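Colleague: I would like to learn how to read the features of a model such as this one, going from one topic to the next. Could we begin with the aromatic rings?

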Amino acid sequence: SQLPGWSVRPDGSIVVATGNDDALGLYRCTPYNSYGTAGESRPTRVLLKDPPAFTVRPKEEYFQEVGRELVIPCAARGDPPPTISWLKVGSVGKSSAQVDGNSSLVLHPLIKEQHGVWECTATNQVASVTAATSVHVLGTSPHAATNVSVLPLLLAANISWEPGFDGGYFQRFSVWYTPLARYPPRAHHDWVSLSVPTGAQHLLVENLQPDTTYQFSVLAQNKLGSGPFSQIVTSVPRGFPVTTVPPEPPAMTVHVFLSPPRALRANETVRGVLLRWDPPARASVAPSGYALELRQDKGGWEVLERSIPGTDTQVLVPGLIKDAFYEFRLVAFAGSYISDPSNTVNVSTAGMEVYPSRTQLPELLPQPVLAGVIGGICFLSVAVIFSTTAACIMNRRRAARVRKRRQDPPLVFSP
């Protein structure tokens, strides 16, 4: 008969949900079918044993000066009594640590390489249980930075990392990089180092060559000296894309933080070519501005305007040359991130009048100032005309008096 919590699986196994004294004893299994059975199995005995349980657990963290002794206790009970072992997480080979008669970990003398996570494991025939603790060795040079990653950008790269333990002192970082030569002329390369601002865990390395493989590494330093270099990460910065219509897919997949402006289109007006576009569809940050590029008659791309506000969705391009073929495209930027170019629009000025240039007077003078200038010119013109008229009238009157004086007979005075 089955007890509460007991069940038999289709394969004949028996499941005891909760082990207690009812489960103790000898068990036999008898297979059978419609033809009968071939007999019972050999008996098996069920015993109740206790899995290991810690009676003394190590603390979560320990801090100790290098060269001194550090003892970390660990104890457990069980039936049968468990054995205690210690292991440093991530270590290769046998550790130099010792275990005393109380199963405590003894680190003497404490060295820099013993910094890290240690595990105490209690094991018997029933199960194994583990307790972890972190050992911080003070008074050493810093440990290497970890998780170094490189984000390739336009002629630049953004380097980020996670700091290692500082050894108990303030640490600072520097980024080292070098181009990877295809045929190195010597056994080593010249590395360039850049200091990282205090507290930062990333650095933007600019003025890199496009389509050139670079190696990057991070170095930590404190008052006691330099730690080991981090792992070397290799990356290729992005160059200016050379595209046709439609643009070719990129040769390599990179993580783009900012998508390009959409639906760039052109309309001809009496003042020039009016370009309109839609903002980027997806972006981790909003664009802070746009840059407009053009090229004439299939020549090289040039930046026409690099400070278009991020809230604008149109720009007027005056001053185009008659009988020429232009191509325009737009890129968005947010901080150090630059999007891929938008679609390209074509504009032909063949047979058209020359568009007004950027230096015309209405573009240079605001409307109030322009009105004041025109008013002053009109006032001066009226003043000149009035002065000329008054001078003519005065000259005519003076001439009339002279003629009258000549026609009058002279006066004779007798004695």
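Modeller: A pair of aromatic rings is described by the distance of the centres and the angle of the planes. In this structure, which is a predicted model, there are eight aromatic pairs. One of the pairs joins Trp277 and Tyr290, whose ring centres are 5.4 Å apart and whose planes stand at 65 degrees to each other, an edge-to-face arrangement.

Colleague: Where in the chain do Trp277 and Tyr290 lie?

Modeller: Trp277 belongs to strand S23 (residues 272-278) and Tyr290 to strand S24 (residues 289-296), so that the pair, with its partners 13 residues apart, links distant parts of the chain. Both Trp277 and Tyr290 are buried. Aromatic residues can also gather in a group, and here Tyr177, Tyr214 and Phe216 make up one aromatic cluster.

Colleague: Which residues of the largest nonpolar core touch the most other members?

Modeller: The general idea comes before the case. In soluble globular proteins, nonpolar side chains tend to be buried together. The largest nonpolar core here has 20 residues, and those that touch the most other members are Leu275, Trp277, Leu292, Ile308, Tyr326, Phe328 and Leu330. Two or more residues come from each of S23, S24, strand S26 (314-317), strand S27 (325-334) and strand S29 (345-348), and S27 gives the most, with five residues.

Colleague: What does Tyr326 touch, if residues up to four places away in sequence are not counted?

Modeller: With those left out, Tyr326 touches Leu294, Arg295, Gln296, Leu320, Ile321, Val345, Asn346, Val347 and Thr349. There is also a second, separate core, which has 19 residues, including Val148, Ala157, Ile159 and Val196.

Colleague: Is Gly272 buried or exposed?

Modeller: Gly272, which is placed in strand S23, has a relative accessibility of 0% and therefore counts as buried. The C-alpha atom of Gly272 is separated by 4.3 Å from that of Pro318, although the two residues are 46 residues apart along the chain.

Colleague: Let us turn to the cysteines. How many disulfides does a search of the whole structure find?

Modeller: A disulfide is a covalent bond between the sulfur atoms of two cysteines. The search of the whole structure finds one, formed by Cys74 and Cys120, with their sulfur atoms 1.9 Å apart. The torsion about the S-S bond of Cys74 and Cys120 is about -85 degrees, and therefore this disulfide is left-handed. Cys74 sits in the loop between strand S7 (70-72) and strand S8 (75-79), whereas Cys120 sits in strand S12 (residues 116-123), so the pair ties together parts that are 46 residues apart in sequence.

Colleague: In what order do the strands of the open sheet of four strands stand?

Modeller: The order of that sheet is S6-S13-S12-S9, and the pairing is mixed. Strand S6 (61-65) and strand S9 (83-88) stand at the edges and have a single partner strand each, so one side of each is left without a neighbour in the sheet. From one strand to the next the twist averages 25 degrees. Within this sheet, S9 and S12 pair in the antiparallel sense over six bridges, and Leu87 has Glu119 in S12 as its bridge partner.

Colleague: Which strands stand at the edges of the open sheet of three strands?

Modeller: That sheet has the order S7-S11-S10, with antiparallel pairing. The edges are S7 and strand S10 (98-99), each having a single partner strand, so one side of each is left without a neighbour in the sheet. S7 is joined to strand S11 (residues 105-107) by three bridges, and the two run antiparallel; the bridge partner of Ile72 in S11 is Leu105.

Colleague: How many helices and strands are there in the protein chain?

Modeller: The protein chain has two helices and 29 strands, and 29% of its 415 residues count as buried. Among its contacts between residues at least 6 apart in sequence, 60% join residues at least 24 apart.

Definitions and conventions:
Residues numbered from 1 in each chain as written. Predicted model: local features only at pLDDT ≥ 70, side-chain atom pairs only at ≥ 80, totals over all residues. Heavy atoms only, no water. Disulfide = S-S within 2.5 Å. Phe/Tyr/Trp six-rings, centres within 6.5 Å; stacked < 30°, edge-to-face > 60°. Buried < 20%, exposed > 50% of the residue type's maximum accessible area, 1.4 Å probe, protein only. Pairing = 2+ DSSP bridges. Axes fitted to C-alpha atoms, helices over the stretch in contact; angles between N-to-C directions. Core = buried A, V, L, I, M, F, W, Y, C linked by side-chain atoms within 4.5 Å. Contact = heavy atoms within 4.5 Å.
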